[in-house]
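Trainee: Please take a close look at the ligand site in this model. I would like to go through the surroundings of the ligand step by step.

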Amino acid sequence: MRKKLVIGNLKMNPVTSAEFERYLDLLEKETGNKKFEKTEIVVCPPVVYLQKLLDRELKNIKAGAQNVYWEYQGAYTGEISAGMVKSAGANYAIVGHSERRKYFDEKEEIINLKLKSILKSGLNAILCVGESMEERKGGRTATVLKKQVKDSLAGIGAGKVEYISIAYEPIWAVGTDELPTSDEILEAKLIVKKALAEMYSMKTMEKIRLLYGGNVKSYLVNQVCTDPAMDGVLVGRESLEPYEFVKIAKIIDES
Ligand code: PEP
């Protein structure tokens, strides 16, 4: 059975190791005695805390990186490779997040290189795509999403596709109080699927999990995951609250 995915992107939080230890204590308390039949929960902390998370060996929790560099090793001061993340014991890496596109000027060409290095290392990739409000208002959502999907996946063969999940994250909902309607999410999902179908066979396309991300809260999750074919969510702010984050995962698991 293909599992649903609930990804927690902690971004650049928390500030101290002591706070992160407390976070892990709470996460352990919330997940330790629960069973998740259909859902994989992945926490992506700042990379400096990745080992702490892995060393806890929390039942029900997998680890991921928020970013990687695309080269395997070498003189790239300040960077970490997908191979390093994999060798530390993590399973996932996020790529193409809108904050990296915005603050670090990451374009599809870079995202494509990163995605390839993630897959080559044996990690699973969470590729984020999404349009800005300006693009939406200008009627360019389909063009933008299609381009992001196609350029990011360029040159990636069908054999690797099952290790990719795509999170539709409208930029105007990430980190805000805005939320698309379930129709808008469904529409975006169909655009992504159509772009994938133009690149791969239907059978291959179906292997890619499609998630939603942007202002996900436990009381809103049913609104963004009403489509039973939705494969999960990417959670930002709310993943910093283990109680709420695990509540979201439980709702998804039982849906
Ligand atoms: C994110 O960072 O990917 C995200 C979805 O953030 P938030 O849930 O805080 O909107």
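Mentor: What follows is a walk through the ligand site, with a short note on aromatic pairs at the end. Keep in mind that this is a predicted model.

The ligand is surrounded by 14 residues, and the closest are Lys11, Glu169, Gly175, Asn215 and Arg237. Sorted by class, that shell holds 7 polar, 4 nonpolar and 3 charged residues.

A polar atom in the side chain of arginine 237 is 2.6 Å from an oxygen atom of the ligand. Glutamate 169 also uses its side chain: an N or O atom there lies 2.8 Å from a ligand oxygen atom. With asparagine 215 the atom belongs to the backbone, and this N or O atom is 2.8 Å from an oxygen atom of the ligand. As for cover, the ligand on its own has 290 Å² of accessible area, and the protein covers 100% of this. The space that the ligand takes up is the largest cavity.

Turning to aromatic rings, the count for the model is 5 aromatic pairs. One of them joins phenylalanine 20 and tyrosine 23, with ring centres 5.8 Å apart and planes at 15 degrees to each other. The pair counts as stacked because planes under 30 degrees apart fall in that class. Both residues belong to helix α1, which spans residues 17-31. Phenylalanine 20 and tyrosine 23 are 3 residues apart there, about one turn of the helix.

Technical notes. Residues numbered from 1 in each chain as written. Predicted model: local features only at pLDDT ≥ 70, side-chain atom pairs only at ≥ 80, totals over all residues. Heavy atoms only, no water. Near = heavy atom within 4 Å. Polar contact = N/O pair within 3.5 Å; in protein donor to acceptor, adjacent residues only side chain to side chain. Areas by Shrake-Rupley, 256 points an atom, 1.4 Å probe, with all protein chains shown as cover. 1 Å grid on protein atoms, 1.4 Å probe; cavity = no way out; pocket = protein on both sides within 12 Å on 5 of 7 lines; lining within 4 Å. Sits in = over half its atoms within 2 Å of the grid points. Nonpolar A, V, L, I, M, F, W, Y, C, P; charged D, E, K, R; others polar. Phe/Tyr/Trp six-rings, centres within 6.5 Å; stacked < 30°, edge-to-face > 60°. Helix = DSSP H or I, 4+ residues; strand = E, 2+ residues; numbered from the N terminus.
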